[in-house]
Amino acid sequence: MSRPCHPKKEVEQALRHAESEGWRVETGGSHCWGKIFCPYTDTECRCGEFCIASVWSTPKNAGNFAKQLLRVIHNCTTHRAEKVAVERMTPLEK
C-alpha cells in the first residue's frame with residue numbers, strides 16, 4: 001500500500017530517497033506528518049537508540065528541512081559502516 005505524498009516537494013524527494021535506502025516512512029502522529037525509521041535495529045546506533053526522525057508537515061524552510069532529513073539518513077552509524085565495508089571489498093567479493 002502506498003503512502004500519501006508529503007505536501008512539500010523537497011521533503012517528498014528526501015522521503016523517497018530514504019525509502020530507496022531502506023528506511024521505513026510512516027505517516028500520522030500527534031504533532032508531525034510522520035516519522036522515518038532506520039532499517040538497522042542495531043544497538044551500536046546513536047545513543048543506543050535506533051535512528052528515528054520526525055517529519056513535519058509544514059517546516060519553516062522546506063529545502064533546509066529536506067537537507068536535515070538527508071543528513072539523518074546518510075549519517076546513520078550502521079549505514080556508514082556498511083558502505084565503508086562494501087567500498088573496501090575487492091570486485092570478486094562483491
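G28 sits in the loop between β1 and β2, where helices (H or I, at least four residues) and strands (E, at least two) are DSSP runs numbered from the N terminus. This is a predicted model, in which local features need pLDDT of at least 70 and side-chain atom pairs count only at pLDDT 80 or more, while totals for chains, interfaces and linings use all residues. Residues are numbered from 1 along each chain as its sequence is written, and side-chain values use heavy atoms, with hydrogens and water left out.

G28 counts as partly exposed because its relative accessibility is 42%; buried means under 20% relative accessible area, exposed over 50%, and partly exposed in between (1.4 Å probe, protein chains only). Beyond the neighbours within four places in sequence, G28 is in contact with W33 and G34, contact meaning heavy atoms within 4.5 Å. The C-alpha atoms of G28 and V55 are 9.6 Å apart, with the two residues 27 apart along the chain. G28 belongs to the turn of a hairpin formed by β1 and β2, which has six residues between the strands, and G28 has a positive phi of about 100°.

**Strand pairing**

β1 and β2 run antiparallel and are joined by four bridges. Two strands pair if DSSP finds at least two bridges between them. In this pairing R24 stands opposite F37 of β2. β2 also pairs with β3, again in the antiparallel sense and over four bridges, and here K35 stands opposite S54 of β3.

**Overall layout and confidence**

The protein chain has three helices and three strands, in the order α-β-β-β-α-α from the N terminus on. Of its 94 residues, 32% are buried. Among contacts between residues at least 6 apart in sequence, 47% join residues at least 24 apart.

The mean pLDDT of the protein chain is 83, and 84% of the residues reach 70 or more; pLDDT is the predictor's confidence in each residue, from 0 to 100. Confidence is highest in α1, at a mean of 95, and lowest in helix α3 (residues 77-88), at 72. Where pLDDT is low, the predicted coordinates should not be read in detail.

**Helix α1**

α1 has twelve residues and spans 17 Å from its first C-alpha to its last, close to the 16 Å expected at 1.5 Å a residue. The expected span is 1.5 Å times one less than the number of residues in the helix. The buried residues of α1 are V11, E12, A14, L15 and A18. They lie on the same side of α1 because they cover an arc of only 160° around the axis, the arc being that of the directions from the helix axis to the C-beta atoms. An α-helix has 3.6 residues a turn, so residues three or four places apart point the same way.

The cover over the buried residues of α1 includes β1 (24-27), β2 (34-37), β3 (52-55) and α2 (62-74). On the face turned away from the buried side are the exposed residues K9, Q13, R16 and S20. Just after α1, G22 takes a positive phi of about 100°.

**The segment before α1**

R3 lies in the segment before α1 (9-20), and H6 is found in the segment before α1 as well. R3 counts as buried because its relative accessibility is 17%. H6 counts as buried because its relative accessibility is 5%.

| Side chain | Partner | Distance |
|---|---|---|
| R3 | E12 side chain | 3.0 Å |
| R3 | E19 side chain | 2.8 Å |

Leaving aside neighbours within four places in sequence, R3 is in contact with E12, L15, R16, E19, V25 and W33. Not counting residues up to four places away in sequence, H6 touches V11, E12, L15, W33, V55, W56 and S57.

Conventions. Polar contact = N/O pair within 3.5 Å; in protein donor to acceptor, adjacent residues only side chain to side chain.
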